[in-house]
Amino acid sequence: MIGDKPVVAVVGRPNVGKSTLVNRFVGRRDAIVQEEPGVTRDRKEVEVDWAGREFVVVDTGGWLAEGAPIDAQVSKQAERAIADADVVLFVVDITVGVTEEDERVAKLLQRTGKSVLVVANKVDDTRREAELWAFSSLGLGEAWPVSALHGRASGDLLDEIVARFPEPDAADHDSDAGPDDPHIFSIAIVGRPNVGKSTLFNLIVGDERSVVHDAPGTTRDAVDTLVDTPDGPLRFVDTAGMRRRSRIDEPTEYFSMVRALQAVDRANAAVFVIDATQGATHQDQRLAERIDAAGSPVVIVLNKWDLVSAENREQVRIDVADRMSFLDYAPVLEMSALTGRRTQRLLPALRDAEEAYHRRIPTAALNRVLREAQAAHPPPIQRKHRPRVLYATQGAADPPTFTLFTTRTLPQTYLRYLERKIRESFSLGPSPIKIRVRPRSS
């Protein structure tokens, strides 16, 4: 179980319709679906509510007994999902029949002792139901006929799934924060393909949750996990690598990019991972601008720092500061996700960002800082008049947003000066802040 919610693992060989079935349960296109095998690689968890019972459905990659190294990792992810599940849905394709891969998965499931439902997908009409008998040879009971694409018999299948759940413990109900609890601070791990995002994600989570492989584009969907820390839970979202739209040449990769951008917009903060061996590239700069536009705190991670030679490190720092000048408030952490070197600094930096993101400044203290800033460095004269700030207040948090009531419009350079003074005086370093100016009417 996850918290007090039962877990349903959806497993099977590639391209039998697992993700389509998960989307049918959820009622929206939450998992990426494409007419090619191997699109789903990581475990992806979504919450489902049926007949008043909430549970978590885990979509997995296609299980393969042998193949390329990445296929072995995907299969391992599926096996881990089976181990954690209360009910397993073994999805097969009635248009193909029983395959050797199906038989291998069935033997694995027989050894687990889990409650297993064989789901025969693509049964679009009653004529196909006559072919269900063939799946009895798998030794896991009768197959349930469904059409994930058209929704045929999916309600009956959900009824059977819920009937197999253990009885809920009333004492534990709602005792744990669920993965969709809006009060949990969420962090999206973003960056170009193959910079080490999934390796960092797995290190933080303490489990090989995302598939890690030395080929760009391994993560196809956003994968989120709650991490318990001494200061409370955090939600981390591992996203697909984002690259320029002109370089996206397949529909699956396009949807992966869309999900990554959605994860950035939904998250409270972002960990922006840069490959230190390559330095800050033009594409890193474009991605950083997109993250900055989301208005969330950012922690920049220079990953693979141990692979950068001592004589090149200072130049890498200079290049990052130059290309990411608009993120000058963001801390830059040099680390190695693969070896774990210096990664212990990441969680404290994120907690500082969370605190700054929610901070509210007393009005009296804010106005005192602005008066001192103006006395030390008055605004420049404009058209024979020197503008000044009459009064200021914080109108909102998440991120901290300030409204300045002024005699005239302030130059952008002076606004940046005031922003820096506010940031330094109230330790808002990791968080972006917004300043709105309200000139007094003439």
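Predicted model: local features only at pLDDT ≥ 70, side-chain atom pairs only at ≥ 80, totals over all residues.
Residues are numbered from 1 along each chain as its sequence is written, and side-chain values use heavy atoms, with hydrogens and water left out.

**Stop 1**

Helices (H or I, at least four residues) and strands (E, at least two) are DSSP runs, numbered from the N terminus. Strands pair if DSSP finds at least two bridges between them.

Start with the open sheet of six strands, and trace its order: β2-β3-β1-β4-β5-β6, with mixed pairing. At the edges you'll find β2 (44-50) and β6 (143-145), each pairing on one side only. Ignoring direction, neighbouring strands here are turned by 30° against each other on average. For angles like this one, axes are lines fitted to C-alpha atoms (for helices, over the stretch in contact), and angles run from 0 to 180 degrees between N-to-C directions.

Now select residues 7-11 and 53-59. These are β1 and β3, and they pair in the parallel sense over four bridges. Which residue in β3 is the bridge partner of alanine 9? Look for valine 58.

**Stop 2: a helix on that sheet**

Contact here means heavy atoms within 4.5 Å.

Next, show residues 154-163, helix α4. The axes of α1 and α4 come within 11 Å and cross at roughly 85°. The two helices are therefore roughly perpendicular to each other. As for the wording, angles under 35 degrees count as roughly parallel, over 145 as roughly antiparallel, 65 to 115 as roughly perpendicular and the rest as oblique.

**Stop 3: the three-stranded sheet**

Jump along to the open sheet with the order β13-β14-β15, where the pairing is again a mixed one. β13 and β15 (434-439) are at the edges with a single partner strand each, so one side of each has no neighbour in the sheet. From one strand to the next, the twist averages 20°.

Check the two pairings in turn. β13 and β14 run antiparallel, joined by six bridges, and alanine 392 has leucine 404 as its bridge partner in β14. β14 and β15 run parallel, also with six bridges, and phenylalanine 402 stands opposite isoleucine 435.

Zoom in on the turn next. β13 and β14 form a hairpin with four residues between them, and aspartate 398 in the turn has a positive phi of about 60°. What is the peptide bond from aspartate 398 to proline 399, cis or trans? That bond is cis, with omega near 0°.

**Stop 4: two aromatic rings**

Select tyrosine 391 and phenylalanine 405. Their ring centres are 6.3 Å apart and their planes are at 35°, so the pair is tilted. Rings of Phe, Tyr and Trp (its six-membered ring) pair if their centres lie within 6.5 Å; planes under 30 degrees apart count as stacked, over 60 as edge-to-face and the rest as tilted. Tyrosine 391 belongs to β13 (389-396) and phenylalanine 405 to β14 (401-406), 14 residues apart.

**Stop 5: α10 and α11**

Finish with residues 363-376 (α10) and 412-425 (α11), whose axes come within 10 Å and cross at roughly 130°. That makes α10 oblique to α11. Among the residues that meet are Leu366 and Val369 in α10, and Tyr414 and Tyr417 in α11. The contact divides into nine nonpolar, two polar and one charged residue.

Bring back the strands: α10 lies across β13 and β14, at about 140° to β13. α11 touches β13, β14 and β15, and its direction makes about 130° with that of β15.

How values were computed:
Nonpolar A, V, L, I, M, F, W, Y, C, P; charged D, E, K, R; others polar.
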